[in-house]
Each structure stands twice: as structure tokens, then as C-alpha cells.
Amino acid sequence: MACSERRHDLSWQFFALLIPLTYPVLLVKCHPQCLDFKPPFRPDNGLSFCAMYSQFGCCNTTKDQEIMNRFYSIMDSFDYSLYATCASYIQDMLCGECSPYAAHLYDAEDPTTPVRQLPGLCDEYCFEFWNKCKTTVHALVKEGELLELVSNRRKFCNALQLQDLDYCFPRVLSNNNLTRNLGEVVAGSDGCLQLCLEEIANGLRNPVAMLHANDGTHRFFIAEQIGIVWAYLPNRARVEKPFLNITQAVLTSPWEGDERGFLGLVFHPKFKHTGKVYVYYSVEVNLEEKIRISEFRISSRDMNMLDHSSERIILEVDEPASNHNGGQLLFGDDGYLYIFTGDGGMAGDPFGKYGNALNKSALLGKVLRIDVNNNNRGPLYKIPPDNPFIWDPDARPEVYAYGVRNMWRCSVDRGDPQTKEGKGRIFCGDVGQNKFEEIDIIEKGRNYGWKAREGFACYDKKLCANSSLNDVLPIFAYPHSVGKSVTGGYVYRGCESPNLNGLYIFGDFMSGRLMALAEDSRRGKWYDYKICMGRGQTCLFPGLLNKYYRYIISFAEDEAGELYFLSTRIPTSTSATGVVYKIVDPSRRAPPGRCQYNPLPVKVKSRLINFVPKPKFTPRPRKRPIKNKHKERQRTNLPQKGNSPDWFLELLQTLEKLQTEWDAAPGQQVATSVPPPAERHTHTGRKHSNVDPANRRTQSTPANGAVRLVNEHARADRGRVEIYINGVWGTVCDDLWNRQSAVVVCRQLGFPFAIEAYRRAEFGQGSGPILLDDVECDGSEKNLLQCRHSEIGETNCSHHEDAGVACGHTEP
């Protein structure tokens with residue numbers, strides 16, 4: 001595996017908090033990885049035998065003891081002279097499993113080759129070992145080709161050589177490019193934190209929430225917008241019967257973007273004893289829309305199902321419009337129930353003189369706090385005695401904070417695992433109007449500014465100038481050029497990814513961006529910072545992903561504190577494209593055993609549906625062309641039934657149907673990254689064309705990710721973007737298409753600058769398949785396949801949205 005290096009300067013103050021860096025920083029694309037396909041860690045108590053890896057590596061004390069026992073078992077069969085000469089070599093090789101780069105030393109990252117029996121050795125070291133200790137190889141290697149090569153030094157050392165010489169032993173120990181900041185957060189050239197994902201659940205219809213019951217079972221519960229909640233066991237198996245099904249009562253629709261529906265749930269903090277769950281959903285009563293907060297109890301017959309007849313309506317609030325419905329429920333550390341309502345909908349909070357959000361006598365646009373404890377008799381809820389407006393005759397006593405527009409997803413900080421700093425803080429993402437999205441920390445009695453302010457800026461200038469409002473500013477806001485609908489997240493307080501501790505991780509529903517905030521508590525400031533998916537080999541290990549569906553609906557944490565987010569490919573309540581992803585830091589993990597837990601047993605009375613991850617697209621190897629077959633009549637080989645994902649089979653079948661149309665279609669002038677042939681075939685009845693009629697290929701087969709520009713005027717500097725993927729030329733959809741994406745295309749074609757990124761099929765509509773959608777580049781990638789994008793061939797667009805570019809040799 002080859003690794004490239006990039007030198008850059010990091011000027012963000014955030015890294016002064018998170019990573020003790022020396023500038024400039026040299027980062028390599030390869031990353032530390034163990035033989036179990038997980039990141040290395042810092043051993044709790046150091047190592048006694050493989051001591052060189054005591055600070056950071058892949059062995060704990062148990063593994064260190066196993067290696068030491070194997071060492072002495074091997075050395076017991078040698079005489080003193082051989083022991084004295086070869087002991088250090090054998091110790092080095094056995095301890096290779098403890099190296100933070102063990103996966104690279106043993107070629108484990110290549111799934112097509114078996115894991116090496118010995119680590120990769122640098123030539124000079126291998127020669128020394130062979131000259132002095134070749135007789136010990138039979139004790140280290142039990143079987144295989146390596147034993148047959150021992151008699152020949154050159155062949156033996158060639159077999160132990162790695163493709164990337166930077167990772168051979170002992171060079172990997174002294175390579176400053178690899179050992180500098182080892183185990184710290186991996187960041188790209190733009191300071192973008194590179195993380196990976198693990199798929200947890202799929203096939204969900206707009207999954208709006210994921211909760212745990214805090215009852216020791218480590219189950220998790222996922223709510224769909226239509227009004228169904230599913231129970232999952234720790235092994236990711238789903239209970240067949242729903243935990244809750246109130247689809248008949250929930251008001252929603254299949255419209256894309258409908259904000260009504262089942263919007264939130266929360267388990268009572270003492271659920272193990274009370275069995276109570278609270279839900280938040282839209283409902284229609286006498287032709288009027290309302291939001292309803294209800295209480296349910298667990299079934300006495302099945303711990304994986306609520307008693308549907310136990311519903312008690314705690315609170316209902318009239319909704320004057322169908323949007324801005326809020327939807328968050330949570331219990332604070334004080335044991336009270338917090339309810340987050342939207343401002344009532346429409347634009348600009350037009351209700352009354354100041355709007356609902358600033359009107360403390362209205363329940364809309366608020367954070368409400370009520371006491372639902374011990375409510376089996378008497379009132380369904382009480383007002384906490386320290387609510388801030390309890391004695392204000394012009395305010396509802398339930399109001400805890402006000403001036404919010406539509407807070408979508410809030411969370412309670414568990415606090416630092418050691419110091420408990422930050423414990424109990426409530427973070428919220430408040431969706432903006434038309435310019436800014438914001439993150440707030442909720443405090444008692446505070447005014448969060450809407451509709452006087454949107455983010456840090458004034459929205460209603462008259463209200464904004466009124467200093468008596470005494471509104472509190474958000475801790476962070478971002479413009480709509482970054483995203484248009486914030487999804488609040490969590491402060492990471494889990495165990496498995498210690499580097500992430502203290503980061504508030506959140507996202508944007510519309511743009512699909514993941515972001516993080518880091519706090520400088522000394523200065524009282526928060527610093528923002530992008531999150532991207534790990535590139536290259538970083539996330540290509542078993543079980544890890546570096547792509548996700550764009551529409552980020554919600555975030556979650558499990559009972560152990562690990563962090564997740566829920567997103568979907570098609571944001572409607574009827575599309576089963578929702579997926580739950582677990583966030584994984586590939587640079588460092590906690591030592592094995594530290595994060596283990598023993599879930600309490602769960603009695604399951606329904607059938608279990610085992611988790612099956614979505615299939616990854618893996619192209620089948622293409623057969624070589626048949627000799628002497630005319631070039632123009634070669635076609636992509638159709639996969640046999642059952643050997644490819646359905647969409648790819650359908651795509652190729654479509655290409656077969658379109659072949660006749662392509663052969664008969666008039667040619668178009670094409671600018672391509674592969675030089676056109678000097679001579680072209682012409683056929684009677686066809687226009688002169690430089691496009692090969694068989695799938696429009698040139699005589700030289702392009703590389704995966706090659707691009708060309710298609711237009712009607714023979715211009716090489718502009719046109720519709722077409723990309724070559726797995727033997728097929730196709731188009732790119734213009735969702736998220738921008739100047740950075742155009743830069744990548746123009747650079748591929750030999751142009752230093754991108755003049756414009758065109759949308760809406762400016763250069764005409766393609767006739768082939770749409771291969772890429774939701775492409776999002778930062779401009780540094782070598783081709784579009786390295787940019788963030790949806791799964792190949794999975795699109796929700798049509799050819800009237802084909803993307804195009806104009807390139808140039810002078811800066812625009």
C-alpha cells in the first residue's frame with residue numbers, strides 16, 4: 001500500500017486545544033491500524049516484554065505476556081550461542097504484532113492476500129537476520145512458501161519486502177513522518193477531522209430518533225416518522241413486533257420534507273422501576289393540528305413492547321401551521337421533563353405583535369419544563385418550584401426558556417468521564433429562517449432571540465435594537481452557504497474513541513455536513529471544525545464505511561455513551577432508505593477490556609430479525625476482450641444473475657437496450673482526458689464523430705474516474721461532465737455541484753482553473769446512466785470518486801439536472 005504525504009500549516013486555535021502540534025505538520029495518508037482491524041491504543045500499564053510499544057501500540061499486558069511465553073518457548077530449543085545472537089531479532093519480529101502499524105507490517109489491510117506470518121522487514125535488516133539466524137526461521141514459521149525460500153537470501157528477503165518501504169521494520173520505528181503525533185486525531189490538509197462509520201441499522205423510514213432505556217440491557221430504540229418505534233438488542237437484531245405503533249393517530253404524509261409526524265420520545269430516567277415512556281407527535285383533532293405529548297407504560301407481558309392502551313395525554317398545543325413543530329423531549333439531570341416546541345410555523349413567526357417565540361404567555365417557540373414524577377394520582381404534571389416565570393402573571397408557568405424558532409435535536413451532556421466537567425448542560429440546534437443556523441446551550445429563564453435575531457445577526461431590526469430583550473447569543477452559528485437546516489448532536493463522552501471526548505458533534509440535514517465544536521473553557525469560546533470521512537485506506541477495513549446518506553435527521557448516543565447519527569437517502573416517511581451509523585475514530589481507541597460491558601438479559605417473546613448490512617458495491621472483474629473482435633462491437637459483459645447488486649444489473653441491461661440508439665445517434669464533440677485517436681471510422685449515414693459508438697469509449701480504455709466534457713460546439717474547455725466508472729460512461733447530477741467540484745474536473749483535463757460550475761443541464765442532457773449524485777469536493781481531490789458522493793448509481797435526480805463546467809487557463 002503506497003502512502004503519500006502532505007505538508008500544511010494548521011492555524012486554527014482549535015488544534016491548540018485538541019492536539020499538541022508542531023507547525024508545519026506533516027501528515028501521511030496511511031494511518032495506524034492493528035491486526036484486528038481496529039485503531040491502536042495506549043496500554044493501561046505499559047508492556048514488560050514488547051516495551052518499545054508501551055506508549056502506543058496494539059498489545060495490552062495479556063497479549064504482551066502471550067508473546068513473551070512464545071518467545072521463551074522458541075528460544076528454549078536453541079543453544080546459548082544461537083540464543084545470544086538471535087534473541088533480539090526474534091523478539092523484534094514477535095513484537096511486530098504490537099506495533100501501531102501492525103496491519104501494514106503484516107499486509108493485513110489487503111483482503112486479497114493472506115496475513116503474513118512474519119512482519120515486513122527492511123532489506124538491510126533482513127540480510128542481517130538471514131546471515132546470522134536463518135536456522136531459526138523454522139521455529140518462527142510453521143508452513144508455507146517462506147520455508148522453501150530460506151536457503152536463498154535474496155528470494156527470502158524479497159518475500160518479506162513490503163510494497164511501501166516506509167513501513168518495513170525497523171524503518172517504521174524511526175520514520176518521523178509516521179511517529180510524529182502518533183495516535184492523535186487524523187486531520188486532512190484543511191484541518192478536517194477524518195472519521196469512519198459503522199452501520200448499525202437500515203431499512204428505516206425517516207428515522208427521527210434513537211434512544212436507550214438506561215436500564216442495563218443496552219437495547220436501543222429507533223422511532224420512524226410514521227409512528228413506529230422498533231426495539232433492537234445489543235447484537236443489532238430487531239424485535240419483529242414494534243415497541244410502539246401509533247400510526248393510526250400520528251398525522252404525517254409521504255410528502256418530502258413534511259415536518260409533522262412522530263417527532264420524539266424519551267424514557268423516564270427511572271424507567272427500570274417506573275416503566276414509563278414519553279412521546280411527542282403531531283395529531284389532528286376536530287380538523288385542527290396539534291402537537292401531543294403522551295405517557296405510555298411498558299407492557300406487563302412483554303418488556304419489548306409498550307402497553308398501547310396505557311396512553312395518557314400529558315399536554316396538547318395547537319399548531320397554527322404544518323411546519324416548525326419542534327419535537328424534542330428529554331429529562332434533565334434535575335429529573336424534570338423538558339419539551340422543545342417550534343414557533344408555530346410559517347415564515348418570520350408572524351403571530352401577534354412579537355411572535356409566539358417572544359410571547360411568554362404562549363407555549364410555542366419555547367423550552368418547557370414540567371414535573372411528571374409521581375403522577376399516578378392527581379395532576380398529570382406539576383410545575384417545578386424553581387421555574388423562572390412561575391410568578392409572572394403574563395407568562396405560562398411551564399416556560400423555562402423562550403425566543404426559539406424550531407429547535408431540532410437537543411441533548412444533555414454527560415460530563416467529562418473523569419472530572420464531570422460540563423455535566424448537565426443542554427445543547428440544542430435551532431433551525432434558522434433564511435440566513436443562519438445556530439447552536440445554543442439552554443439556561444433557565446434566558447431569551448434566545450428569535451425573532452429579533454437569527455444566529456448572531458438581526459432579523460427584525462426594530463426588535464433587535466430593543467436592549468430590554470436581553471437575549472443570549474448562540475455559541476455557534478453558520479450561514480446557509482454551509483447548510484440550511486441544523487441537526488443538533490451530542491458532546492462525545494463515550495469510551496471507545498478517547499480523542500473525541502469533549503467534542504460537540506452535530507450536522508446539517510440539507511447539506512449533509514458533519515461538524516464539531518471544541519470548547520476553550522479558559523476563554524469561554526467555542527471553535528468550529530469540519531468533519532469528513534477518512535480517505536484512502538483509512539476506512540477500508542472490515543465493518544467500516546466512509547460514505548453515508550446525505551439527509552442527517554438525528555443524532556443519538558447508546559447506553560455506553562458511543563455516538564451515532566441517523567440519515568436517509570430519500571427524506572420521506574415512506575422511503576425505507578434510513579440508516580443508523582456509529583461514529584468511529586480510526587486514529588486511536590481505548591485499551592481492550594476498558595469499554596466492555598455486560599448487558600442484562602432481555603426476554604424476547606417475538607421473532608428476532610438479524611441485522612444485515614447494506615451490500616457494498618463491488619464491481620465484477622471484466623473479462624478481456626475477445627481477440628480479433630471488432631472494437632466497435634465490444635460490450636460490457638453482463639453479470640450473471642445473483643452475482644451483482646440489482647441496480648447494476650438493471651443498469652447494464654438498460655445499456656444493452658440503448659446500444660442500438662447510441663449506434664444510430666448523431667455524434668457529439670467530446671473533450672476527454674484520454675486523447676482521441678488520430679483516425680476515426682466513418683459509416684454510411686452517420687455524422688463524422690470522435691466518439692466510439694460502443695458505449696462511447698475511446699480506443700484506450702480510460703481509468704476509473706476519468707472525465708470528459710460533452711458539448712455540441714467542439715469546445716475542449718466546457719461541456720456536460722461525464723465520468724467513467726467500472727466500464728461505463730455516465731453523467732453527474734448537479735445536487736451540491738459547486739466550484740470546488742468543477743476545480744477537480746478541470747484539473748483532470750489539464751486546466752489550472754475552473755471558470756464556472758453549471759447546473760440544470762446547461763450543456764444538454766445525457767443519454768447514458770446517471771452515475772454520481774450529491775458530489776461534494778473540497779477541491780484537493782484527484783478525481784470526483786475521491787470526493788464525497790452518494791453510492792455509485794444511486795441517485796434521486798434526472799438528466800435535466802446534469803452538471804457541467806467551464807475551464808480556463810487564466811484565473812476567473
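Where does Ser606 lie? Ser606 sits in the loop between strand 29 (578-584) and strand 30 (608-609). The model is predicted.

- Ser606 has a relative accessible area of 12%. Buried means under 20%, so Ser606 counts as buried.
- The side chain of Ser606 reaches the backbone nitrogen of Lys241 at 3.2 Å.
- Leaving aside neighbours within four places in sequence, Ser606 is in contact with Val239, Glu240 and Lys241.

- Strands of a sheet pair through backbone hydrogen bonds, and they can run parallel or antiparallel.
- Ile505 stands opposite Ala516 in strand 25.

- Another open sheet holds four strands in the order 13-14-15-16, with antiparallel pairing.
- Its edge strands are strand 13 (328-331) and strand 16 (399-402). Each of these pairs on one side only.
- Neighbouring strands of this sheet are turned by 20 degrees against each other on average, direction ignored.
- Strand 14 (residues 337-340) and strand 15 (residues 366-370) run antiparallel and are joined by four bridges.

- How many residues of strand 32 (residues 707-711) are buried? Five of the five are, so strand 32 is largely enclosed by the rest of the structure.
- Val707, Leu709 and Asn711 point one way from strand 32. Arg708 and Val710 point the other way. All of these residues are buried, whichever way they point.
- Strand 32 pairs with strand 33 (residues 718-725) in the antiparallel sense, over four bridges.
- Arg708 stands opposite Glu722 in strand 33.
- The hairpin of strand 32 and strand 33 has six residues between the strands. In this hairpin, Ala714 takes a positive phi near 60 degrees.

**Helix 5**
- Which residues of helix 5 (residues 123-133) are buried? They are Tyr125, Cys126, Phe127, Phe129, Trp130 and Cys133.
- What do the buried residues of helix 5 pack against? They pack against helix 3 (80-94), helix 6 (137-140) and helix 8 (153-160).

**Cys746 in helix 14**
- Cys746 lies in helix 14 (residues 739-748).
- Its relative accessibility is 1%, so Cys746 counts as buried.
- Not counting residues up to four places away in sequence, Cys746 touches Phe751, Phe753, Ala754, Val805, Ala806 and Cys807.
- Cys746 and His809 are 63 residues apart along the chain. Their C-alpha atoms are separated by 9.8 Å.

Terms used. Residues numbered from 1 in each chain as written. Predicted model: local features only at pLDDT ≥ 70, side-chain atom pairs only at ≥ 80, totals over all residues. Heavy atoms only, no water. Pairing = 2+ DSSP bridges. Helix = DSSP H or I, 4+ residues; strand = E, 2+ residues; numbered from the N terminus. Buried < 20%, exposed > 50% of the residue type's maximum accessible area, 1.4 Å probe, protein only. Contact = heavy atoms within 4.5 Å. Polar contact = N/O pair within 3.5 Å; in protein donor to acceptor, adjacent residues only side chain to side chain. Axes fitted to C-alpha atoms, helices over the stretch in contact; angles between N-to-C directions.
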